[in-house]
Amino acid sequence: MSGNGRDPALSIAAIATAVAPGQGGIAVIRLSGPRAVSSVAAITVIPGQQVWESHRVLYGHVVAAGGVERLDEVLVLVMLAPRSFTGEDVVEIHCHGGVIAVQQVLARVLEQPGMRRALPGEFSQRAVLNGRLDLTRAEAIGDLVGARSQRAAQLAMAGLDGGIQKKMVVLRERLLDQLSELEARVDFEEDLPPLNGEALLQELQAVRSELGLLVADGERGSFVRHGLRVALVGRPNVGKSSLLNLLSRRERAIVTDLPGTTRDLLESEIVLDGVPITLLDTAGIRATSDAVEQLGIARSREALASADLVLLLFDLAHGWSEEDQDLFALIPEGVPCLRVGNKADLPLKAEPVDESVTASVTASVTASVAASVAASVADVCLSAVTGEGEQALVRAVLERCGALGEQPLLLALNQRQSDLAVTAAEALARSEQVAADGLPWDFWTIDLRQAIRSLGEITGEQLTESVLDRIFSRFCIGK
């Protein structure tokens, strides 16, 4: 038994579906372990001659203690070991949704001897421990449940189909082949033909290169899984709320011609090319005596520090001003920023000096120069009203955050897997240095073994129980 109560000798139960008042036609309660079948049999009345066989569906009622009062009408699915998700006896009770009915049924299940409430991710952990899933597939289940976009779900399915596991097995086998060659030369070098050290080194470099590509794709995949926080910042009335409405395709913010309309931090959840984006529409930062507006401006400053990217909007019609430059200076160092020139559909505003023709010509030249300067400052020019330049902005946002790549994203390591891949690549780099230093074969094997161990940890071949507990504690209950 592990220190946190994950005792495989006990049977476990949990609600496996979302539960909310008035929501969901059905709910599913999942049980796993040696007492799963007997516990359900003890609390149900199954009419007729229905047989408790594996992979059958039974109809009946869950009854209260005493066996008279019916608590709910249910279907019971029986899946006996080893042909189940966890590799143990598994029973699912399909009852009515909502809150009261499902909680009553779960309470009856937990009253049975040898049964306890499942911990987060415990069903998936038992599946891994019983050899029904490798660790990468189990983690993919968690990613699929938590997916915030279709692209995130596709990446999760690629992992669930075994894409990551298969890739890691192939890379690990390639390293094991090289390790076996080295160890054979250490013990029986005089009985074997000379080892081609250059070819072996090239293979190590090739594996390290592939790991580097996987880590880079993992970084892109992180954006797809977890999304980005993008702050819209700018002087009052430059079109931040209009841009939010354009991207979100719904009226989330009040849009008027009055400066200071947005007095609070508005959020909008959108998806751009498969990447979930939380848009933070901030209050215009300016000097003001309005207490409510001051609060919104303070939150705007906080948004600058917490954002993955800042979109600094300015008015192309007025050009880049000293106030815009002051706002640009407020963006914390290290936070990427895109300067977005808005209102590209409007003519430049230039006030003539007098009514003379000369003044009009001068104003025209001034406007032309201002337009050129504003366009050169802007990373992207657009019109939040007409939509002109929207696709260029979307691409610029994803590129600046590193979420856009030249190749399609087919597999994406999670953070744990990426960290282990980096460890393996660093170990291979040390092996290459040992080779460059001309050290004996046995010195080559030290870091090579470390690389092999790290790749084994990705798939769960070499993991301690405490590490597994930590991984699965992040899962939802019932999975």
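This is a predicted model: local features need pLDDT of at least 70, side-chain atom pairs count only at pLDDT 80 or more; totals for chains, interfaces and linings use all residues.
Residues are numbered from 1 along each chain as its sequence is written. Local features need pLDDT of at least 70, and side-chain atom pairs count only at pLDDT 80 or more, while totals for chains, interfaces and linings use all residues; side-chain values use heavy atoms, leaving out hydrogens and water.

**Exercise 1.** Describe how helix H7 packs with helix H14.

*Solution.* 
Step 1: Locate the helices, which are DSSP runs of H or I with at least four residues, numbered from the N terminus. H7 covers residues 197-226 and H14 covers residues 441-459.
Step 2: Take the geometry, with axes fitted to C-alpha atoms over the stretch in contact and angles running from 0 to 180 degrees between N-to-C directions. The angle is about 25 degrees and the axes lie 13 Å apart.
Step 3: That makes H7 roughly parallel to H14 (angles under 35 degrees).
Step 4: List the contacts (heavy atoms within 4.5 Å). Gly197, Leu200, Leu204 and Leu211 in H7 meet Trp441, Trp444, Leu448 and Leu455 in H14.
Step 5: Sort these residues: seven are nonpolar, one is polar and none is charged; Gly counts as polar, Leu and Trp as nonpolar.

**Exercise 2.** Is strand S11 mostly covered or uncovered, and which strands pair with it?

*Solution.* 
Step 1: Check burial (under 20% relative accessible area, 1.4 Å probe, protein chains only). Seven of the seven residues of S11 (residues 309-315) are buried, leaving the strand mostly covered.
Step 2: Find the partners (at least two DSSP bridges).
Step 3: Pick out residue pairs. Gly234 stands opposite Leu313, and Val310 has Cys337 in S12 as its bridge partner.

Conventions:
Helices (H or I, at least four residues) and strands (E, at least two) are DSSP runs, numbered from the N terminus. Angles under 35 degrees count as roughly parallel, over 145 as roughly antiparallel, 65 to 115 as roughly perpendicular and the rest as oblique. Buried means under 20% relative accessible area, exposed over 50%, partly exposed in between (1.4 Å probe, protein chains only).
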